[in-house]
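Open the model in your viewer and keep the sequence panel in view. The stops below say what to select and what is there.

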Amino acid sequence: MKQYEFISKNEADTKQLAKKLAAKLKPKDVVVLTGELGSGKTKFTEGFLSYFGLENEISSPTFTIVNEYKKNDLNIYHFDVYRLSDSSEFYEIGGEEYFENGICLIEWGELIEDALPNDYIHITFKKDDKNENKLQCKKQDNSGFLWEYHIYKFFRFFLLYFFAYLFRH
């Protein structure tokens, strides 16, 4: 697993890094942003969206859980899953379906780690003693996800079918 580390001396550095990453991503890519409150996750997202000319449209998805942005035929989904108690709530809102339909940025994604796709980029934000942000970026591989995801889908289908059958008879 490759890991990179960047030092951000200010908001402009953080936004610039986000723009560079945005230029390389494509639909079905997922980026998890981890860090304390005020560590730069939202500024990173602003920089990311500015690459697509969407910097004036950003709003925090803290209460809505997900904000959807569209540029031409590209969907960008910005999640803040801090308020979810666990990954089952993520599944309940159909969160996993977003993974197939665009680029996903997920703040506090470590809270739903078992719901994340097989491959994703994980960026951890940490302040150092000079008040600079240290961003650690690594490619994550959760090989067990696909199995869990298909089991979940099977049981969801089975329960829906079962209840539909019960109510018909």
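Begin with strand 3 (residues 66-71) and strand 4 (residues 74-80), which pair in the antiparallel sense over six bridges. This is a predicted model. Select Tyr 69 and look across to strand 4, where its bridge partner is Ile 76.

Next, select Asn 72, in the loop between strand 3 and strand 4. The hairpin of these strands has two residues between them, and Asn 72 takes a positive phi near 55 degrees there. Is Asn 72 buried or exposed? Its relative accessible area is 66%, and the cut-off for exposed is over 50%, so Asn 72 counts as exposed.

Go now to helix 1, residues 11-24. How far apart are its end C-alpha atoms? They are 21 Å apart, and this agrees with the 20 Å that 14 residues should span at 1.5 Å a residue. Colour Thr 14, Leu 17, Ala 18, Leu 21 and Ala 22, the buried residues of helix 1. Turn the view to look down the axis of helix 1: these buried residues fall within an arc of 140 degrees, so they line one face of the helix. On the other side of helix 1, select Ala 12 and Lys 20, which are exposed.

At the N-terminal end of helix 1, show the side chain of Asn 10, which caps the helix. A side-chain oxygen of Asn 10 lies 3.1 Å from the backbone nitrogen of Ala 12.

Follow the chain to Lys 28, in the loop between helix 1 and strand 2. Lys 28 is a residue other than glycine with a positive phi, near 85 degrees. Most residues other than glycine have a negative phi.

Helix 2 (residues 41-51) is the next selection, and it is mostly covered, with eight of its 11 residues buried. The buried residues of helix 2 include Phe 44, Gly 47, Phe 48 and Leu 49, and also Lys 41 and Glu 46. After helix 2 comes Gly 53, with a positive phi near 75 degrees.

Stay with Phe 48 and display what surrounds it. Leaving aside neighbours within four places in sequence, Phe 48 is in contact with Ala 18, Lys 19, Leu 21, Ala 22, Leu 25, Ile 76, Ile 103 and Leu 105.

Which residues have the most contacts inside the largest nonpolar core? They are Val 31, Phe 44, Phe 48, Phe 52, Ile 76 and Ile 123, in a core of 22 residues. Helix 1, strand 2 (30-35), helix 2, strand 4, strand 5 (103-107), strand 6 (119-127) and strand 7 (133-141) each supply at least two residues of this core. Helix 1 gives the most, with four residues. Apart from this core lies another, of 19 residues; select Ile 65, Tyr 77, Val 81 and Leu 84, which are among them.

For the last stop, select Thr 34 in strand 2. Thr 34 has 13% relative accessibility, under the 20% cut-off, and therefore counts as buried. Beyond its neighbours within four places in sequence, Thr 34 is in contact with Lys 41, Glu 110, His 122, Ile 123, Thr 124 and Phe 125. With His 122 there is a polar contact between side chains, at 2.7 Å. Finally, draw a distance from Thr 34 to Gln 136: they are 102 residues apart in sequence and 9.7 Å apart in space, C-alpha to C-alpha.

Definitions and conventions. Residues are numbered from 1 along each chain as its sequence is written. This is a predicted model: local features need pLDDT of at least 70, side-chain atom pairs count only at pLDDT 80 or more; totals for chains, interfaces and linings use all residues. Side-chain values use heavy atoms; hydrogens and water are left out. The expected span of a helix is 1.5 Å times one less than its number of residues. Buried means under 20% relative accessible area, exposed over 50%, partly exposed in between (1.4 Å probe, protein chains only). The arc is that of the directions from the helix axis to the C-beta atoms. A polar contact is a pair of N or O atoms within 3.5 Å; within protein, one must be able to donate a hydrogen and the other to accept it, and residues adjacent in sequence count only if both atoms are side-chain atoms. Two strands pair if DSSP finds at least two bridges between them. A nonpolar core is a set of buried Ala, Val, Leu, Ile, Met, Phe, Trp, Tyr and Cys residues joined through side-chain atoms within 4.5 Å. Contact means heavy atoms within 4.5 Å.
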